[in-house]
Amino acid sequence: IQGAGTDILSNIALDNYIRADVCQRGGTSRIISALKTLKHDSLVVCKAFTALANLTSGADVEILRAPGGSAPAIMVSAMKTHPKKLAVQVGAAYALWALSARSDSFKDEIVNLGGAEAIADAMARFVGSKQMQAKGFVVIWSLGVPKPLKMRVGRCAIAPAVNGLSAHVLSEKICEEALGCLKCLSTIPVNKELLGDNGAVDVIYSCMWLHSKNSVVCKAALAALCNISVNVDTNEVSEITREDLDTVVFAMRAHARVRPVQESAIILLRNFTFSHTNVAVMEQNQYVVPLVRSAMSTFNDHFQGRADDLLRVLPAITQ
């Protein structure tokens with residue numbers, strides 16, 4: 001009865017107007033209660049997660065934080081009860097993403113309850129599932145937005161996230177979501193080190209090369225590399241190989257009129273100039289300076305002086 005009723009509420013809640021009515025009439029609280037009471041029934045749990053993914057956005061915070069029926073605690077507990085059920089894990093990730101999108105306080109509560117670890121474990125366990133990886137990347141990305149949570153989320157999620165991206169690197173959609181997730185986590189030094197240790201850089205370059213015609217993937221890859229390439233705390237800069245530079249150059253040439261791609265590429269190249277070794281590699285590439293000049297001309301912009309810095313550092317090619 002609970003499963004059938006949840007199915008009905010889930011289906012009618014796809015309509016925005018009816019969704020609000022379902023929430024106001026207690027539908028959301030009823031489903032949360034069913035999830036708590038029947039959390040050992042994987043079928044009911046799957047249906048409840050699907051419904052909550054639709055209903056959470058319209059539910060009052062008071063309902064989601066009801067005493068004895070707090071949505072974050074009930075959802076994370078139900079997810080942990082069925083670690084080997086793929087459908088449950090996928091549904092839970094989607095519902096937790098919807099809940100985390102409501103506010104940073106929900107993000108904090110989900111992480112404190114072990115939700116990030118549960119998602120990371122599911123991504124590691126079901127690395128071959130595109131659905132699990134796609135939903136996992138989105139919720140980890142959301143949970144990692146607040147700065148106070150980045151270290152905790154990154155500590156458990158970076159390794160499975162990199163492995164998931166590597167396993168599905170041929171999927172443009174997976175790459176877009178994974179790169180956004182990695183970029184979000186890469187803004188603090190400790191996570192930069194974890195990304196480097198887990199081989200994230202090579203996988204990101206692979207994404208950019210394989211999907212060089214997709215400007216969204218290229219922009220996301222370049223933006224993630226911008227964060228990872230420089231560690232301010234340790235005063236270290238990543239080294240770039242000739243092959244890596246060729247990939248960046250190819251992306252710039254393929255998307256000469258896409259400003260976000262050009263801007264991210266110029267920021268990345270400028271970051272690399274903090275290393276004499278990288279400058280030597282860049283000086284050997286005949287396309288770098290012409291592409292930087294072309295971007296400056298096309299967009300009538302010096303990209304906050306970074307383009308000028310590049311041209312000053314590469315005098316041999318400039319001349």
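Trainee: Which exposed residues sit on the face of α1 turned away from its buried side?
Mentor: That face carries I8 and N11, and please keep in mind that we are looking at a predicted model.
Trainee: And which residues of α1 are buried?
Mentor: In this helix, which covers residues 2-12, the buried ones include G3, T6 and S10. They span an arc of only 60° around the axis, so they fall on the same side of α1.
Trainee: Okay, zooming out: how many helices and strands does the chain have?
Mentor: There are 21 helices and two strands, and the C-alpha atoms fill a box of roughly 75 × 35 × 30 Å along the principal axes. Of the 319 residues, 51% count as buried.
Trainee: Switching to the backbone, what is the phi of N300?
Mentor: N300 has a positive phi of about 50°, although it is not a glycine. That deserves a remark because most residues other than glycine have a negative phi.
Trainee: Where is N300, and is it buried or exposed?
Mentor: N300 sits in the loop between α19 (288-299) and α20 (306-313), and it is exposed, with a relative accessible area of 71%. Q304 lies in the loop between α19 and α20 as well, has a positive phi near 55° without being a glycine, and counts as exposed at 69% relative accessibility.

Conventions:
Residues are numbered from 1 along each chain as its sequence is written. This is a predicted model: local features need pLDDT of at least 70, side-chain atom pairs count only at pLDDT 80 or more; totals for chains, interfaces and linings use all residues. Side-chain values use heavy atoms; hydrogens and water are left out. Buried means under 20% relative accessible area, exposed over 50%, partly exposed in between (1.4 Å probe, protein chains only). Helices (H or I, at least four residues) and strands (E, at least two) are DSSP runs, numbered from the N terminus. The arc is that of the directions from the helix axis to the C-beta atoms.
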